Amino acid sequence: MRISNFVKQDRLWGRLTDLAKIGATAKGGVNRQALTAEDGAARRLLADWALSRGFSIFQDDIGNLFVRRNGSEDSLPPVTTGSHLDTQPTGGRFDGAYGVMAGLEALEALEDSGIRTRHPVEVVAWTNEEGARFPPSCMGSGVYTGRYTLDWALSVQDPAGTSVGEALTAVMEQTKDAAPRGFGAPMAAYIEAHIEQGPILVSAGETIGVVTSVQSQNLFEVEVFGEEAHAGTTPRANRSDAVLAAVEIVAELERAAQDEADAMRFTVGRFIAKPGAPNTVPSHVVFTIDLRHPENSEIERMSNLIECLPGEVSARRRCRAKVTRLSDSPVTPFSDDIVGLIDSKRRDLELPGRRMPSGAGHDAMYIPPLAPTGMIFVPCVDGISHNEAEDALPHDLADGTRVLVDCLAELAGREG
Ligand code: HGY
Ligand code: MN
Ligand code: MN
């Protein structure tokens, strides 16, 4: 008897619908940025759903929230699934939320089946996966796995000057009934379910993406320093205009990032000029560069350019530049065993699918040093994501959850 028989599409869809109400936007999307009151409310809702089913809850010092269904041998490391509850400012109802709700649905299906597992099975909601308010992304999983120190993460500030530490205190208070969990606690395996956030599955009419790797991604912060001056009286020859230097830097780097294969992903998502007065020459610009590529050598080539070109352009414009590499994550291959298991379970369920790399970053990319790791993709409508129009079909979401729970049950050593 497959545990996937106990997955309830309506229960999963209902929870996603309830969750999407927290931070709902007028355009039908979700704005539930990390460590906001909305994020706290979503975490509380997950905790209440978990407790009402008899599961237990834990949280670590960066706020990663764990839901646990005990195993018959509870000292064994858990088999873990999960994703994130925070969203982009103009986010959708499924990015992250699907993986957490699919994990909760998997625990419910196990409970409904009456089948025990040797290992405990856990769902985690990682803190600040998006890195939209507090860059870099995957901060919670990064601290959990030792990529970042807790102290550094707590010191990161949002554009308004609020630190992660200040925002985290209020949010963790809402789940203070969760038991403590240490960083890096071992896992027997980790599988994350997520919408693909791209066009491949939906174009092929397939249901399951068996993810083989996550492409490399580096995040940079570039600051350009100039000099404030009067917009009306200051000749060009006397100006140190930080914006003009910054836009020249971006234009030159964007040209260098152009490749025949259209594989390099170069994004300037945040660009803030100060003092921001229309009639004062700007003295300070801070902007981000999100760089991705399927090959490590290519992203390093482009990263080296990003680290030296801003200084050269700035000097030509009587400005100076500072480049900080906020995060770098090389290509992350997933475990052959987990990839093989996901592929075999999708075939057992006669679901069309393919093996494929992930263009988007996910918390799963930080887990391989800790546990055999994999991901399950399901299609999203027209491949749209990081957009309020993001959408997915209930049966695709349920099918991905069916594959997930059959994998978790096997990895956790089902008894019966
Ligand atoms: O940026 C990413 O790829 C992820 O969606 N946070
Ligand atoms: Mn995501
Ligand atoms: Mn995202």
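Donors to a metal are N, O and S atoms within 2.8 Å of it (3.2 Å for Na, K and Ca), and because water is not among the atoms, sites may look incomplete. With that in mind, the manganese ion (ligand 2) and the manganese ion (ligand 3) are 3.5 Å apart, and D95 coordinates both. This is a predicted model, in which local features need pLDDT of at least 70 and side-chain atom pairs count only at pLDDT 80 or more, while totals for chains, interfaces and linings use all residues. Residues are numbered from 1 along each chain as its sequence is written, chains are lettered from A and ligands numbered from 1 in the order in which they are written, and side-chain values use heavy atoms, with hydrogens and water left out.

**The two manganese ions**

- The manganese ion (ligand 2) is coordinated at 2.1 to 2.3 Å by H84 (NE2), D95 (OD) and H194 (NE2), donor residues whose spacing in sequence is H-x10-D-x98-H.
- D95 counts as buried because its relative accessibility is 6%, whereas H386, at 41%, counts as partly exposed.

**The loop between β1 and β2**

- I62 sits in the loop between β1 (56-59) and β2 (65-69), and its relative accessible area of 0% is why it counts as buried.
- I62 is in contact (heavy atoms within 4.5 Å) with residues that include T127, G140, V143, L150, A153 and F183, leaving aside those up to four places away in sequence.
- Between I62 and A153 the C-alpha to C-alpha distance is 8.2 Å, although the two are 91 residues apart in sequence.
- N64 is found in the loop between β1 and β2 as well, and N64 is likewise buried, with a relative accessible area of 0%.
- The side chain of N64 reaches the backbone nitrogen of T127 at 2.8 Å, and a polar atom of that side chain lies 3.1 Å from the backbone oxygen of G140.
- Beyond residues up to four places away in sequence, N64 touches residues among them F58, Q59, W126, S141 and Y144.

**Strand β3**

- T80 lies in strand β3 and is buried, with a relative accessible area of 0%.
- The residues that T80 touches, not counting those up to four places away in sequence, are E122, V124, M187, A189, Y190, I191 and L408.

**Backbone geometry**

- Most residues other than glycine have a negative phi, and most peptide bonds are trans.
- The peptide bond from P135 to P136 is cis, with omega near 0°, and P136 is found in the loop between β5 (121-126) and α4 (139-144).
- The peptide bond from K274 to P275 is also cis, with omega near 5°, and P275 lies in the loop between β12 and β13 (280-281).
- L35, in the loop between α1 (9-20) and α2 (37-52), has a positive phi, near 65°, and counts as buried at 5% relative accessibility.
- N128, in the loop between β5 and α4, has a positive phi near 50°, and is buried, with a relative accessible area of 0%.

Terms used: Helix = DSSP H or I, 4+ residues; strand = E, 2+ residues; numbered from the N terminus. Buried < 20%, exposed > 50% of the residue type's maximum accessible area, 1.4 Å probe, protein only. Polar contact = N/O pair within 3.5 Å; in protein donor to acceptor, adjacent residues only side chain to side chain.
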